[in-house]
Amino acid sequence: MPQYDYEIVNGEGELTKGQIEAASAADVARRLSRDGQTLVGVSETPPTTLPTLRRRLRTVDVVIAFRELATLLSSGVSLGDAIISQSKGSYHPQLATAFNDISRELMRGANFLGALRAAKLPLPEHLFHLVEAGELSGRLAESLTRAVEQMEYDRHVAAELRSALTYPAILVVSCTAAVLAVFLFVVPEFVHLLEEDVQLPLVSLFVLGTGAWFNDNSWLVGAILLAVAFTVAALVRNPAVRQRFVDTLARLPLLGQWYSETDTAKWAMVMSAMLTSRVELVGALALAARGVRVSRRRAMLERALADVRGGEALSAALEKQEALTATGYNLIRVGEQSGELPTMMRSLANLYEENSSRRMKRVLTIIEPLAILTIGAFIGTIFIGVILAITAVNNVQF
């Protein structure tokens with residue numbers, strides 16, 4: 001049975017506070033409003049919880065919360081009741097606060113789109129446009145479901161990318177650490193060979209000289225590494241630098257094709273979600289093009305959008321810009337002729353996603369041995385230099 005905090009004033013005007021177990025606030029009022037006592041206030045006692053560290057709001061938390069919201073709306077629950085339910089049932093404090101704010105804005109007469117933007121949750125732009133389309137068409141539950149599906153797809157692609165790059169990243173970092181350890185702790189033990197009156201091979205001079213420099217300037221090496229780390233972190237936060245990096249990546253032989261296919265799959269999936277939610281073709285094209293990360297491909301899609309606005313068919317406009325493959329043009333052409341363009345866009349997204357996954361595996365089969373060979377070459381050069389120096393000294397002595 002829940003506990004309630006109460007305040008009462010007795011017949012002599014004295015204020016008394018306390019707690020009581022009761023079935024409801026009305027039960028508290030009925031039990032305490034006796035013997036000339038006046039109930040001033042009553043509220044349910046909040047549950048006591050142990051203090052916990054607040055974890056960062058993750059994408060998966062947002063996806064789960066909005067998936068539950070879409071399910072409630074699809075089941076016939078009113079928007080206001082669904083929002084209140086989410087504010088009480090959300091697993092992250094930031095989400096609970098956001099849903100409380102949305103509920104308050106709705107009670108003040110705001111629409112769901114305005115309340116959602118005011119909540120400042122980390123949501124993709126296409127979700128707002130789908131919510132707007134759903135409110136205008138009276139199909140908010142369906143539009144929100146499409147938006148959540150797109151968020152889940154984006155999360156799936158990002159998770160696959162992280163999973164694929166985890167092993168190569170660990171390999172490169174560990175091997176780089178091994179090279180630094182050899183320079184800092186192993187090579188300095190042989191630096192004294194430089195003082196011998198011996199003609200050392202060039203590779204030995206380079207390795208031992210570098211080891212001596214590392215040993216004498218270890219603090220400087222640490223400062224340089226920290227400066228590089230902070231510089232990279234600052235550059236990653238810069239949108240212009242990130243865009244330049246993406247564009248450079250898209251120009252590489254294998255990585256570029258893989259990234260472009262991933263980008264196109266996301267574009268086609270957004271198009272499918274938009275068209276399914278009854279967003280007009282021109283608006284869907286404009287929004288989907290803004291979500292494309294590669295500048296060259298985004299420019300191609302924007303030129304295709306201009307052609308569509310001029311009355312040209314979407315398949316012809318895309319083919320004119322060479323934005324897709326022949327199969328992609330055929331799928332879109334069939335969708336235009338049959339009136340099933342959203343379905344064909346989803347098929348196109350699945351096609352590009354499969355191609356992207358195959359190409360990603362192919363890239364990884366090259367990256368892993370290449371990283372091993374590169375780091376192995378560095379370590380091998382170091383030890384060859386040390387061994388040649390020792391051999392040269394021994395030859396002179398004997």
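This is a predicted model: local features need pLDDT of at least 70, side-chain atom pairs count only at pLDDT 80 or more; totals for chains, interfaces and linings use all residues.
What does the side chain of aspartate 247 make a polar contact with? The partner is the side chain of serine 295, at 2.8 Å. Aspartate 247 itself is placed in helix α10, which covers residues 239–251. Leaving aside residues up to four places away in sequence, aspartate 247 touches Arg293, Val294 and Ser295.

Arginine 298 sits in helix α13 (residues 295–309). With a relative accessibility of 18%, arginine 298 counts as buried, because the cut-off for that label is under 20%. A polar atom of its side chain lies 3.4 Å from the backbone oxygen of arginine 293. Beyond the residues up to four places away in sequence, arginine 298 is in touch with Gln243, Ala289, Arg290, Val292 and Arg293. Threonine 264 is 34 residues from arginine 298 in sequence, and the two C-alpha atoms are 9.8 Å apart in space.

Turning to helix packing, α8 (residues 202–216) and α9 (residues 218–237) pack at an angle of about 85°, their axes lying 4 Å apart. That angle makes α8 roughly perpendicular to α9. On the α8 side the meeting residues are Trp213, Phe214, Asn215 and Asp216, and on the α9 side they are Ser218, Trp219, Leu220 and Val221.

As for salt bridges, the structure holds eight. One of them joins arginine 58 to aspartate 61, with the closest N and O atoms 3.5 Å apart. Arginine 58 is partly exposed at 40% relative accessible area, while aspartate 61, at 10%, counts as buried.

Another salt bridge pairs glutamate 152 with arginine 67 at 2.9 Å, N to O. Glutamate 152 belongs to helix α7 (residues 140–186) and arginine 67 to helix α2 (residues 59–74), so this pair ties together parts that are 85 residues apart in sequence. Glutamate 152 is partly exposed, at 29%, and arginine 67 is partly exposed too, at 25%.

Glutamate 319 and arginine 333 also form a salt bridge, their closest N and O atoms being 2.9 Å apart. Here the link runs from helix α14 (residues 314–321) to helix α15 (residues 326–338), across 14 residues. Glutamate 319 counts as partly exposed at 39%, as does arginine 333 at 26%. Finally, Arg146, Glu149 and Arg346 are joined in a salt-bridge network.

How values were computed
Residues are numbered from 1 along each chain as its sequence is written. Side-chain values use heavy atoms; hydrogens and water are left out. Helices (H or I, at least four residues) and strands (E, at least two) are DSSP runs, numbered from the N terminus. A polar contact is a pair of N or O atoms within 3.5 Å; within protein, one must be able to donate a hydrogen and the other to accept it, and residues adjacent in sequence count only if both atoms are side-chain atoms. Contact means heavy atoms within 4.5 Å. Buried means under 20% relative accessible area, exposed over 50%, partly exposed in between (1.4 Å probe, protein chains only). Axes are lines fitted to C-alpha atoms, for helices over the stretch in contact, and angles run from 0 to 180 degrees between N-to-C directions. Angles under 35 degrees count as roughly parallel, over 145 as roughly antiparallel, 65 to 115 as roughly perpendicular and the rest as oblique. A salt bridge is a side-chain nitrogen of Lys or Arg within 4 Å of a carboxyl oxygen of Asp or Glu.
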